[in-house]
Amino acid sequence: MAGVGSEITSPWRIVTQQMINLFADATDDHQFIHCDPERAAAETPFGGTIAHGFLTLSLLSAMAYETIPPLEGAGMGINQGFENLKFVAPVKTGVRIRTKFVLADVKVRPSGWIQVAHEVTIEIEGSKKPALTARWLTLTMVEPEKATG
């Protein structure tokens, strides 16, 4: 694992209307600003539909998986939560986003769990404002080394 303060950025990914629609179906959030391109273009300042904030947030897992190397001996990882989560700017349908991960803290627990904190910023291509910022806490179980006999 790189040291505290190290930074890594995920590849760009496109947020499509299909992704937004599937997320709306999964969460029962079919607000027109997400699912009705014509109405969103006519009645919002966004010029069309935008992704759910929670859809954007949920993409962190995929972007982390494709970007951050796993801890040596990692068995499983879980989300522990977020601190200072802020949705800063809307993600318009069809734009590309990526995440900047800055390693903020690593704590090794006697139980074998490792808590990792990343300062995350989801950037929107061509935008001065990010989609969101947060401190993301995860826990990883590291398999104990096998005793040699």
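How many helices and strands does the protein chain have? I count four helices and six strands. I took these from DSSP runs, numbered from the N terminus, with helices (H or I) of at least four residues and strands (E) of at least two.

**Ground rules.** This is a predicted model, where local features need pLDDT of at least 70, side-chain atom pairs count only at pLDDT 80 or more, and totals for chains, interfaces and linings use all residues. Residues are numbered from 1 along each chain as its sequence is written, and side-chain values use heavy atoms, with hydrogens and water left out.

**Overall.** I read the order of elements from the N terminus as β-β-α-α-α-α-β-β-β-β. The C-alpha trace spans about 70 × 30 × 25 Å along its principal axes. I find 35% of the 149 residues buried. Here buried is under 20% relative accessible area, exposed is over 50%, and partly exposed lies in between, with a 1.4 Å probe and protein chains only. I then looked at contacts, meaning heavy atoms within 4.5 Å. Among those with a separation of 6 or more, 68% join residues 24 or more positions apart.

**Helix packing.** I checked H1 against helix H4 (residues 53–65): the angle is about 100°, and the axes are 10 Å apart. H1 is therefore roughly perpendicular to H4. The axes are lines fitted to C-alpha atoms, for helices over the stretch in contact, and angles run from 0 to 180 degrees between N-to-C directions. Under 35 degrees is roughly parallel, over 145 roughly antiparallel, 65 to 115 roughly perpendicular, and the rest oblique.

Which residues meet there? From H1 I note Met 19, Ile 20 and Phe 23; from H4, Phe 54, Leu 55, Ser 58 and Leu 59. By class, this contact has six nonpolar, one polar and no charged residues. Nonpolar covers Ala, Val, Leu, Ile, Met, Phe, Trp, Tyr, Cys and Pro; charged covers Asp, Glu, Lys and Arg; the others, Gly among them, are polar.

**Largest pocket.** I get about 500 Å³ of space in the largest pocket. Of its 19 lining residues, Ala 64, Ile 68, Pro 70, Thr 138 and Thr 140 are the closest to the centre. H4, E3, strand E5 (113–124) and E6 each supply at least two lining residues. E3 gives the largest share, five residues. By class, the lining has 13 nonpolar, six polar and no charged residues.

**Thr 138.** This residue sits in strand E6 (residues 132–142). Is Thr 138 buried or exposed? I log Thr 138 as buried, because its relative accessibility is 16%. Beyond neighbours within four places in sequence, Thr 138 contacts Ile 78, Asn 79, Gln 80, Ile 114, Gln 115 and Val 116.

**Positive phi.** Asp 28 is not a glycine, yet its phi is positive, about 55°. I place Asp 28 in the loop between helix H1 (17–27) and helix H2 (32–35). Asp 28 is exposed, at 66% relative accessibility. Asn 84, also a residue other than glycine, has a positive phi near 55°. I find Asn 84 in strand E3 (residues 74–87). Asn 84 is exposed, with a relative accessible area of 61%.

**Lys 107.** I find Lys 107 in strand E4 (residues 96–108). At 44% relative accessibility, Lys 107 is partly exposed. Its C-alpha atom is 11 Å from that of Val 4, 103 residues away along the chain. Not counting residues up to four places away in sequence, Lys 107 touches Trp 113, Ile 114 and Gln 115.

Definitions and conventions. 1 Å grid on protein atoms, 1.4 Å probe; cavity = no way out; pocket = protein on both sides within 12 Å on 5 of 7 lines; lining within 4 Å. Points joined across faces, edges and corners; volume = space filled by probe spheres on them.
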